[in-house]
Amino acid sequence: MADAAEGGPRRRGRNETEEERADRMWQELIQEVRVAQMGVQILFGFLLTVVFTEKYDDLTGTDQTIYMVTVVLGACATGALIGPVSLHRLVSGRRIKPQAVRLASRLTLLGLVLLLATTTASLLLILRVATHDGFVPYLVAGVVCWYLLCWFVLPIWARYRHTSE
């Protein structure tokens with residue numbers, strides 16, 4: 001720290017080994033995945049019950065197709081967001097944690113994209129059934145823009161805005 005006080009280069013980041021960094025990043029990733037897993041599991045569970053309701057038979061062919069696509073998206077999102085847990089279990093003790101963290105991070109990002117698609121399709125279906133109105137696609141598009149802003153645009157902006165070279 002003497003260098004920073006004397007006007008020299010200021011040290012940034014943490015003083016940790018690659019393994020320590022991987023351990024820390026793994027813990028952070030798992031905390032993030034827990035939040036997303038909870039949401040996708042509740043949504044997917046709800047979606048699985050819809051087909052067993054009386055109202056399902058009254059859905060138009062288009063709405064039934066939207067429902068099927070939504071269920072498949074939910075299943076894929078669930079798989080991607082639970083994937084890091086399975087990955088960790090299967091590679092634990094193999095001394096490849098940095099690589100596992102990178103792969104789990106990619107699975108998590110894919111899971112979030114699939115969760116966005118699942119949520120979008122769910123919202124589209126629910127609003128189509130509830131309102132039968134022409135403004136539904138615009139409302140859904142607005143919500144998708146909101147999710148994109150919160151989940152991707154602001155984090156990417158912060159990453160580039162506050163990351164120094």
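Biologist: Which element gives the largest share of the lining of the largest pocket?

Modeller: This is a predicted model, where local features need pLDDT of at least 70, side-chain atom pairs count only at pLDDT 80 or more, and totals for chains, interfaces and linings use all residues. Residues are numbered from 1 along each chain as its sequence is written, and side-chain values use heavy atoms, with hydrogens and water left out. A pocket, on a 1 Å grid over the protein atoms alone, is an open set of points where a 1.4 Å probe fits, with protein on both sides within 12 Å along at least five of seven lines, and lining residues have an atom within 4 Å of a point. With 8 residues, the largest share of this lining comes from H2.

Biologist: How much space lies in the largest pocket?

Modeller: The pocket is lined by 18 residues, with Met25, Glu28, Glu32, Ser105 and Arg159 nearest its centre. Two or more lining residues come from each of H2, helix H4 (97–131) and helix H5 (136–162); helices are DSSP runs (H or I, at least four residues), numbered from the N terminus. The volume, meaning the space filled by probe spheres set on the grid points, is about 690 Å³.

Biologist: Is valine 35 buried or exposed?

Modeller: Valine 35 sits in helix H2 (residues 18–50). The cut-offs are under 20% relative accessible area for buried, over 50% for exposed, and partly exposed in between (1.4 Å probe, protein chains only). Because its relative accessible area is 62%, valine 35 is exposed.

Biologist: How far apart are the C-alpha atoms of arginine 34 and leucine 81?

Modeller: Arginine 34 also belongs to helix H2, and its relative accessible area of 48% makes it partly exposed. From valine 35 to leucine 81, 46 residues along the chain, the C-alpha separation is 9.9 Å. Arginine 34 and leucine 81 are 47 residues apart in sequence, and their C-alpha distance is 8.6 Å.

Biologist: What is the angle between the ring planes of tyrosine 147 and tryptophan 151?

Modeller: Rings of Phe, Tyr and Trp (its six-membered ring) pair if their centres lie within 6.5 Å; planes under 30 degrees apart are stacked, over 60 edge-to-face, and the rest tilted. The structure holds 3 such pairs. Tyrosine 147 and tryptophan 151 lie 4 residues apart in helix H5, about one turn. Their rings are stacked, with centres 4.9 Å apart and planes at 15°.

Biologist: How is the pair of tryptophan 151 and phenylalanine 152 classed?

Modeller: Tryptophan 151, at 30% relative accessibility, is partly exposed. Its ring centre lies 6.5 Å from that of phenylalanine 152 and the planes stand at 65°, so this pair is edge-to-face.

Biologist: Which residues form one aromatic cluster?

Modeller: Tyrosine 147 is partly exposed at 23% relative accessibility, whereas phenylalanine 152 is buried at 16%. Together with the tryptophan, they make one cluster: Tyr147, Trp151 and Phe152.
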